[in-house]
Amino acid sequence: MAYTPKILAFAGSTRTDSYNKKLVKIAATGARAAGAEVTYIDLRDLPLPLFDEDLEAQEGLPANARTLKDLFISHQGLLIASPEYNSSLTAVLKNAIDWVSRPSPDEAPLAAFAGKVAAIMSASPGGLGGLRGLVHLRAILGNIKVLVLPDQVALPKAYEAFDVDGNLKDSKQQESIEKLGENVANILFKLN
C-alpha cells in the first residue's frame, strides 16, 4: 500500500478574515498537489482555557485539548501560519502548543510533536511580514522535537496581497507559499 503523508494545517489566529488562515490554506494546496492528505483546522473551533497546571491536575486535559492533541498525533506534518503580535507569536498559538505538549501516562514525551516535519509562514500588514514572530515559533518547535524546514515565508502588506478568492495576487508569492506545503509533503515521502 502506498504511503500518503498526513499534514495538519492551521493558523495561530482566530480572526474570521485572518490573513494567516488564507496563507496556510495556500500552503495546504501545495501539499495536496504533492500527494499529501491535508486536514485544515481553525483554532477558533477548539477554544482552550489558558494553560494552567492546577486546572489540568483537577480536571485533566480539556476535551478540546485532547481533540487537538489527537489531531497532532495522527498527522506527520504541520503547516503553521503565525501572525506576529508584539514581535512574537500569538497567545492562542502558544497556548495550543502548551496544551498539546502535555504528557499522558501512556505516551512518550512530546508524542504530539516528536518527529513531525513542519513549515512555518506568516502574513502581516507590516513591512516585515511577521518575520520576528517566526523566529520564536521556530525556536519553540525545534525545542519540542519538530523538524522545522529551513524555508519560510513572511508576507508583508498582507492587506493588499490577497484577491477576493483568498489567493495571492502575485503569482510568485503564491508559488512560494504552495512550495512550503509541497516541501513538507516531499520530505515526509522521503522519510517514509
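In the predicted model, helix α3 meets helix α4 through A65, L68, K69 and F72, which face A96, W99 and V100 of α4. Helix α3 comprises residues 63-73 and helix α4 residues 91-100, and their axes come within 9 Å of each other. The crossing angle is roughly 80°; because angles of 65 to 115 degrees count as roughly perpendicular, α3 and α4 are therefore described as roughly perpendicular to each other. By class, the contact between α3 and α4 consists of 6 nonpolar residues, 1 charged residue and no polar residues.

Helix α4 also packs against helix α5, with the two axes 12 Å apart and at an angle of about 0°. With angles under 35 degrees counting as roughly parallel, α4 and α5 are therefore roughly parallel to each other. The residues that make this contact are L93, K94 and I97 on the α4 side and L137, I140 and L141 on the α5 side. The contact of α4 with α5 includes 5 nonpolar residues and 1 charged residue, and no polar ones. In general, two packed helices are described by the angle between their axes and the distance between the axes.

The buried residues of α4 are L93, N95, A96, I97, W99 and V100. These buried residues pack against strand β1 (6-11), helices α2 and α3, strand β3 and helix α5. Among the buried residues of α4, A96, W99 and V100 take part in the contact with α3, whereas L93 and I97 take part in the contact with α5.

Helix α5 spans residues 131-143 and has 13 residues. From its first C-alpha to its last, α5 reaches 19 Å, close to the 18 Å expected at 1.5 Å a residue. The buried residues in this helix are G133, L134, L137, I140 and L141. Seen down the axis of α5, these residues fall within an arc of 125°, so they line one face of the helix. An α-helix has 3.6 residues a turn, so residues three or four places apart point the same way. On the other side of α5, V135 and N143 are exposed. The cover over the buried residues of α5 includes strand β3 (77-81), helix α4, and strands β4 (117-123), β5 (147-148) and β6 (153-155). Helix α5 is followed by K145, which has a positive phi near 75°.

Most residues other than glycine have a negative phi.

At 54% relative accessibility, P103 counts as exposed, since the cut-off for exposure is over 50%. P103 and N167 are separated by 64 residues in sequence, and their C-alpha atoms lie 38 Å apart in space.

E56 belongs to helix α2 (residues 53-59). With a relative accessible area of 17%, E56 is buried, because buried residues are those under 20%. Apart from neighbours within four places in sequence, the contacts of E56 are with F51, W99 and R102. Of these contacts, W99 is also one of the buried residues of α4 and one of the residues through which α4 meets α3.

Helix α6 covers residues 171-191 and includes N183. N183 is buried, with a relative accessible area of 16%. When residues up to four places away in sequence are not counted, N183 touches L149 and D151. N186 lies in helix α6 as well, but its relative accessible area of 29% makes N186 partly exposed. The C-alpha atoms of N186 and K157 are separated by 30 Å, with the two residues 29 residues apart along the chain.

Note on methods:
Residues are numbered from 1 along each chain as its sequence is written. This is a predicted model: local features need pLDDT of at least 70, side-chain atom pairs count only at pLDDT 80 or more; totals for chains, interfaces and linings use all residues. Side-chain values use heavy atoms; hydrogens and water are left out. Axes are lines fitted to C-alpha atoms, for helices over the stretch in contact, and angles run from 0 to 180 degrees between N-to-C directions. Helices (H or I, at least four residues) and strands (E, at least two) are DSSP runs, numbered from the N terminus. Angles under 35 degrees count as roughly parallel, over 145 as roughly antiparallel, 65 to 115 as roughly perpendicular and the rest as oblique. Contact means heavy atoms within 4.5 Å. Ala, Val, Leu, Ile, Met, Phe, Trp, Tyr, Cys and Pro count as nonpolar, Asp, Glu, Lys and Arg as charged, and the others, Gly among them, as polar. The expected span of a helix is 1.5 Å times one less than its number of residues. Buried means under 20% relative accessible area, exposed over 50%, partly exposed in between (1.4 Å probe, protein chains only). The arc is that of the directions from the helix axis to the C-beta atoms.
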